Amino acid sequence: MGRIAVCPGSFDPITYGHLDIIERASKIFDTVYVSVLKNSSKEGLFTPEERVELIRQVSERYPNVEVRSFNGLLIDFCEEVGAEAIVRGLRAVSDFEYEMQLTSMNRKLNSSIETIYMMTNNNYSFISSSIVKEVAKYGGKIEDVVPPLVEEALKRKFNLQ
Ligand code: PNS
C-alpha cells in the first residue's frame, strides 16, 4: 500500500495547473487519490461523474493515480482510503487565507493527516477553473491551459460545436 496522499478539489473542470500538482504528488507518494469533492460556495458546470471521467482520461499515464468522487468531508475520504497527507497547489498570496482555513479545520478534525502545499508551476499560476469556464463560454482560446479532451468537453457544454 505504501504512502498515500489525496489531491482534493472541485476540478470543474481539471486544468493543466491541477495536472501539474497531481503529477508532482505522484512522484512523491506511492498512491495518489484525486478526490472530486463539493465546494459549497461554487456552482458546478460538470457533474461529479463527468469531472471524474475527464480526470481519469487525462491522468491515465500515471499508474499510481486513482480518481474518485466523494459526497462528504475531505477528512472522511482521507480516513477511508488511509491517506497520511492532503496535497494542494498554491498559486498566489490570494489563495493563502482560504487555504489556511481549510488546513486549520481539517487539522482540527484529524490532526494526524498533514496538509502539504506545492507552489504551482509559474506557467499555470494564473489559471483557475472559473476563469477557464468564462473564457470557454465566449469561445476564447483555452488550449494552453486545459488538455484537448477538456477543451472539447467545455465546447460541448457551451454548445460551441
Ligand atoms: O478546488 P477547490 O474548490 O478549491 O476545492 C475545495 C474543496 C473541494 C477541497 C473543499 O471545499 C472541500 O474539502 N470540500 C469537501 C467538504 C469539506 O471537507 N469541507 C470542510 C473543509 S474545511
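A pocket, as the word is used here, is an open set of grid points where a 1.4 Å probe fits, with protein on both sides within 12 Å along at least five of seven lines. In this predicted model, the space taken by the ligand is the largest pocket. The points below begin with that pocket and the residues around the ligand, and then turn to the chain as a whole and to one of its loops.

**The shell around the ligand**

- The elements that contribute two or more residues to the shell around the ligand are β1, which covers residues 4–9, and α4, which covers residues 93–109.
- Of the elements, α4 gives the most to this shell, with 4 residues.
- When the residues of the shell are sorted by class, 7 are nonpolar, 5 are polar and 3 are charged.
- There are 15 residues around the ligand, and those that come nearest are Ser-10, Asn-39, Lys-42, Leu-74 and Arg-88.

**Contacts with oxygen atoms of the ligand**

- In Ser-10, a polar atom of the side chain lies 2.4 Å from an oxygen atom of the ligand.
- In Leu-74, by contrast, the atom concerned belongs to the backbone, where an N or O atom lies 2.8 Å from an oxygen atom of the ligand.
- For Arg-88, an N or O atom in the side chain is 3.0 Å from an oxygen atom of the ligand.
- If the ligand is taken alone, it exposes 540 Å², and the protein buries 83% of that area.

**The chain as a whole**

- The protein chain holds 6 helices and 5 strands, and from the N terminus on these elements follow the order β-α-β-α-β-α-β-α-β-α-α.
- Taken along the principal axes, the box that the C-alpha atoms of the protein chain fill is roughly 45 × 35 × 30 Å.

**The loop between β1 and α1**

- Phe-11 is found in the loop that lies between β1 and α1, and this residue has a positive phi of about 50° although it is not a glycine.
- Pro-13 is also located in the loop between β1 and α1, the latter being the helix of residues 16–28.
- The peptide bond that joins Asp-12 and Pro-13 is cis, with an omega of about 5°.

Technical notes. Residues are numbered from 1 along each chain as its sequence is written. This is a predicted model: local features need pLDDT of at least 70, side-chain atom pairs count only at pLDDT 80 or more; totals for chains, interfaces and linings use all residues. Side-chain values use heavy atoms; hydrogens and water are left out. A residue is near a molecule or strand if one of its heavy atoms lies within 4 Å of it. A polar contact is a pair of N or O atoms within 3.5 Å; within protein, one must be able to donate a hydrogen and the other to accept it, and residues adjacent in sequence count only if both atoms are side-chain atoms. Accessible areas come from the Shrake-Rupley method with a 1.4 Å probe; for residues, only the protein chains shown count as cover. On a 1 Å grid over the protein atoms alone, a cavity is a set of points where a 1.4 Å probe fits but cannot get out, and a pocket is an open set with protein on both sides within 12 Å along at least five of seven lines; lining residues have an atom within 4 Å of a point. A molecule sits in a cavity or pocket if more than half of its atoms lie within 2 Å of its grid points. Ala, Val, Leu, Ile, Met, Phe, Trp, Tyr, Cys and Pro count as nonpolar, Asp, Glu, Lys and Arg as charged, and the others, Gly among them, as polar.
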